[in-house]
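This report describes selected features of one protein model. The sequence and the coordinates are shown first, and the description follows.

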Amino acid sequence: MSELYNNIEPNVIDDEMLQKAIEEQRPEHIGKLAKRTGINFKDVTELELSFRNILQIDNLWQFENLTKLQLNNNIIEKIEALESLVHLVWLDLSFNNIEVIEGLDTLIRLQDLTLFSNRISKIGHMDTLQELQIFSIGKNNLTTLKDVIYLRRFKKLRTLNLRGNPLCDDEQYMLFVVAHLPDLVYLDYKRVSDTTREVAVLKYQDLIEPLEREEAQALAQLEEELAKQKELECHKAAFVEYLNGSFLFDSMYAEDTEAAKLAYLPGEFVSACENLFNYGLKEHEKREAEVSDFYESLHEALTANKQEGRKLILDFENRNKRRLYEIRNASSYDIAESKRAEYKEDILQLSDALMTLEMLTADQLEVRVKHIPVRPHIQNMGGSIFSFSLTIFSTITQCRDLENRHHEELLEISITTLEKSVKNELDEDLPADVQMLLVDKNTIVNAVNTSHGIHLLKIDKRESDILSNTYRWQTSVTEKAVQNEINRNRERVGEIIQYIDNLQEELDNLRDPGD
C-alpha cells in the first residue's frame with residue numbers, strides 16, 4: 001500500500017470532515033447558521049464526501065436518516081461501516097480501490113448503486129438489495145459472462161453498466177446479457193432495442209428455459225420455508241412452539257440413547273402436548289384481541305383529550321381576536337397596557353386549563369395501564385395470563401404423570417426381562433445394545449432411573465420456558481404502554497409550553513402607539 005499512496009496523504013472520516021462537508025453542500029445562509037448552532041447529523045439526508053482521499057469508511061453511524069451518499073473518487077479499499085444507513089437509496093463508490101462487493105446487507109432500500117472503476121472481479125454478496133434498479137459496475141475486472149446470471153435475482157433492475165470490463169470483449173456479450181436479464185431497459189448507457197431482445201431470446205432460449213425452471217423451484221422452496229418460519233413465529237408468539245406433535249417427546253430421547261433402546265411412552269403424551277398447542281393458539285388470539293382493545297381504549301381517551309384541548313384553544317383565540325386588535329389600535333399607552341394585562345391573564349388561565357386537562361388524562365391512562373399486570377380475578381389481560389398459566393401447569397403435570405407411570409412400567413418390564421434373560425426364558429433374541437444393559441439388576445435400574453431423570457428435566461424446562469416467555473411478554477406489554485405514555489405526556493407538555501410561549505412572545509412583540 002505504501003507504493004500506491006506515495007503521493008497521497010490518506011484521510012479518515014472524522015467529525016471535522018463531516019461538519020465541513022455538510023456546510024459546503026448546504027445553501028450559504030444555512031451553512032452560516034450551521035457553523036453557529038452546530039449540525040445534528042440525524043437531520044442530514046444527503047452527504048457528499050467525494051475527492052477527499054478517504055482510505056477507510058468510518059464514523060457514519062450518526063447519519064441514520066441518510067438517503068444519498070457519495071464516496072466516489074477516493075482511495076477506499078473496502079466497503080464497510082454502512083450497516084446503520086438503512087434508509088440509503090443512492091450510493092456512489094465509483095473510482096476507488098475496492099476489490100470485493102461486501103458490507104451491503106442492511107441497505108435493503110438501495111435503488112441506485114455505483115461501483116464504476118474499481119478492482120472488482122466477481123459480482124456477489126448483494127442478495128438483500130431487492131429494490132435495486134440501477135447498477136453501474138463498469139471498468140472493473142469482471143472476466144466471465146456467467147457473473148451476469150447472478151443479477152437475475154434483482155427483479156427491479158432496469159439499468160446496467162458493465163462497459164470497460166474484460167467480459168465485454170466477448171462477441172456474444174450483449175446478446176448474453178439481454179437474454180439473461182429480459183427486463184433490462186438500458187445497457188451500457190444505451191436503450192436495449194426490441195430487435196436485440198428478440199435475437200437474444202432466440203439464441204439463448206435453450207439455456208434460459210432450464211434456468212427459469214430452477215429459479216421457479218428455488219422460489220417455491222423459499223416460499224415454503226418462509227411459510228414455515230411464519231407459522232413457527234406465530235407458535236412462538238403463542239408460547240407453544242414445537243408442541244404440535246412429538247417434538248417434546250423426541251427431545252426427551254435425543255440425549256438419552258439407552259432409554260431409546262428400551263421402550264416408548266404412550267401416545268397420550270403426544271396427545272397432551274397437542275391439546276396444549278391448540279389451546280395456546282386460541283389463547284394467543286384472545287391476548288392479541290385484548291391488547292388491541294386496550295390500545296383502542298387509550299386512543300379513545302387521547303382523542304377526547306385532544307378535542308377538549310382544541311376547544312379550549314379555539315375559545316381562547318375567538319375570545320382574544322378582538323383584544324389583540326384593541327391592543328394594536330389603542331389610543332393611549334394606558335389603554336394598551338390594560339388590554340395587554342387582560343390578555344396576559346387569559347394566557348395564564350389557558351395554560352392552567354391545558355395543563356390540568358393533561359394531568360387528568362395522564363392519571364386516567366395510568367389507571368388503565370395498571371390493569372395490565374397479572375391478577376387472577378379481573379377481566380383483563382392479567383386474567384387471561386393467569387388462566388393460561390393454570391392450563392400450562394395442568395398439562396405439564398399430566399405429562400409428568402405419564403412419564404412417572406411410564407417409568408414404573410418400564411422398570412417392571414426391564415426387571416422381568418432381566419430375570420427371563422438369566423433363566424434363558426426369553427421368547428425372542430434381544431438386540432446386542434439392549435443385552436448390554438441386562439447385566440444385573442443394579443445396571444438396569446440405574447439406566448432406567450437415569451433416563452427418567454433426563455425426561456423429567458426436559459419436561460420441567462419446557463414448562464419453565466413457556467411460563468417465562470408468557471410473563472416476559474406481559475412485562476414487555478406493560479413496559480411499552482408505560483413508556484409510550486411517558487413519551488406522550490412529555491411531548492404534550494412540551495407542545496403546551498411551546499404554544500403558551502408563542503402567545504407570550506406575540507404579546508411582547510405588540511408595539512404600543514408611542515413606539
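The model is predicted. Within it, Thr470 belongs to helix H11, which comprises residues 441-508. The relative accessible area of Thr470 is 0%, so the residue is classed as buried, the limit for that class being under 20%.

A polar atom of the Thr470 side chain lies 2.7 Å from the backbone oxygen of Ile466. When residues up to four places away in sequence are not counted, Thr470 touches Phe239, Ile385, Phe388 and Ile392.

## Helix H4

Helix H4 covers residues 194-237, and its end C-alpha atoms are separated by only 51 Å, whereas a straight helix of 44 residues would span 64 Å at 1.5 Å a residue. Helix H4 also contains a kink of about 75 degrees, centred on Gln205.

The buried residues of H4 are Thr196, Ala200, Tyr204, Ile208, Leu211, Leu232 and His235.

## The open sheet

Eight strands make up an open sheet of mixed pairing, in the order S2-S4-S5-S6-S7-S8-S9-S10. Strand S2 (46-48) and strand S10 (190-191) form the edges; each has a single partner strand, so one side of each has no neighbour in the sheet.

Within the sheet, strand S6 (residues 112-114) and strand S7 (residues 134-136) run parallel and are joined by three bridges. Thr114 has Ser136 in S7 as its bridge partner. In general, the strands of a sheet pair through backbone hydrogen bonds, in either a parallel or an antiparallel manner.

## Nonpolar cores

The largest nonpolar core has 61 residues, and Leu60 and Phe135 are the members that touch the most others. Helix H1 (15-25), helix H3 (173-180) and H4 each supply at least two residues of this core. The helix that gives the most to this core is H3, with six residues.

Phe135 is in contact with Leu113, Leu115, Ile123, Met126, Leu151, Leu157, Thr159, Leu160 and Asn161, leaving aside neighbours within four places in sequence.

Definitions and conventions:
Residues numbered from 1 in each chain as written. Predicted model: local features only at pLDDT ≥ 70, side-chain atom pairs only at ≥ 80, totals over all residues. Heavy atoms only, no water. Helix = DSSP H or I, 4+ residues; strand = E, 2+ residues; numbered from the N terminus. Buried < 20%, exposed > 50% of the residue type's maximum accessible area, 1.4 Å probe, protein only. Polar contact = N/O pair within 3.5 Å; in protein donor to acceptor, adjacent residues only side chain to side chain. Contact = heavy atoms within 4.5 Å. Expected span 1.5 Å × (residues − 1). Bend = angle between axes of the 7 residues up to and from the residue. Pairing = 2+ DSSP bridges. Core = buried A, V, L, I, M, F, W, Y, C linked by side-chain atoms within 4.5 Å.
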